[in-house]
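Me: I would like to learn how to read strand pairing in a model, starting from the general idea and then moving to the case at hand.

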Amino acid sequence: MLKFRGFFLIIILLLTACTQDTVVPKEELQDEKNDENIVVTADGKITFEIINTIKVPQEKVESIKDELLHAYKDIQNSIHTAYVPSERIKVYLNEGYDVSLGLKSKIELFGIKENQYPLVHELTHSILGYGNNFDRSSGYFTQEGFADYMEEMYGKTKTSSHQFMKYFMDSNKLIPISKLIDPNQDDSYFRPNLTNPEEWDTLRWMSYTHSASFIKYLIDTYGLEKFEQIYNEKDLVEKIEDVYGKSVGELENDWFVFINNQTGLTYEEKSKIGYFYRVNSIIIQLDPKYFTKE
């Protein structure tokens, strides 16, 4: 894995097909509550099993257990879906900066030792679902955007998606929302077929950031209840217009006005973001077609 990926793969996270649930007899659950690697949510609905593959100290495991319980509560208090999560979710603590993921009954977290793992993002996928059995038939936009929104609100993210959007806007590198929600084009952004790994990482990160900022704008402006009505919905263009009473283009223009009035990243903030200047040089290399409105 290239060192470059490690800087910002924590905010562009891959979600793949679901795994089968592991059924645990109820008589075993009470004993497991005393296991140092087991934690059960307050409502008793989900048991998390920590798989400490990298042998981090138990103190770190306890911290992650607390994070899981707090994140679960935050997700439960956000939007609601018809998806029924697994009663048992294994959480793997892994070495290095690979791509973290959240499945039905398994979460893979990287960046543990560096304290830069996207737990809230991945748990959002596992609790709220990602299409019917993670089939992605409803696209990526609302799922990845909302998971990034939740990570920004409750996780380890230190920078604002709006600040990055201000930077993209000032650089004339805006991805049209119409492309990000088009089922015939969204793969090219969220799962790009690019041979250059740095360009692949950068385009995906930009797509996640656009989605997160747009969704944050919708939620802050119109509320969670309206967003809940479009989450994981097919025919998203029509659904958005039906729920918000405006077309995607009109909402996008409103969002642009909002972003244009935001404060951008300061020199000090850019310097603290280890990948900023490197990724800036890669954005310039990306094919202009990604930023062209049709």
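Reply: Two strands are taken to pair if DSSP finds at least two bridges between them, and please keep in mind that this is a predicted model. Here strand S1 (residues 38-40) and S2 pair in the antiparallel sense, over 3 bridges.

Me: Which residue stands opposite Phe48 in S2, and which residue of the hairpin takes a positive phi?

Reply: The residue facing Phe48 of S2 is Val39. The hairpin of S1 and S2 has 6 residues between the strands, and among them Gly44 takes a positive phi near 75°.

Me: How many bridges join S2 to strand S3, and in which sense do S3 and strand S5 pair?

Reply: S2 and strand S3 (residues 88-93) run parallel and are joined by 6 bridges, with Glu49 having Lys90 in S3 as its bridge partner. S3 also pairs with strand S5 (residues 106-109) in the parallel sense, over 4 bridges, and there Val91 stands opposite Ile107.

Me: Which hand does the β-α-β unit of S2, helix H3 and S3 have?

Reply: The unit made by S2, helix H3 (residues 58-76) and S3 is left-handed.

Me: Why is strand S2 described as largely enclosed by the rest of the structure?

Reply: Buried means under 20% relative accessible area. Because 5 of the 6 residues of strand S2 (residues 47-52) are buried, the strand is largely enclosed by the rest of the structure.

Key
Residues numbered from 1 in each chain as written. Predicted model: local features only at pLDDT ≥ 70, side-chain atom pairs only at ≥ 80, totals over all residues. Heavy atoms only, no water. Buried < 20%, exposed > 50% of the residue type's maximum accessible area, 1.4 Å probe, protein only. Helix = DSSP H or I, 4+ residues; strand = E, 2+ residues; numbered from the N terminus. Right-handed = clockwise from strand over helix to strand, strands pointing away.
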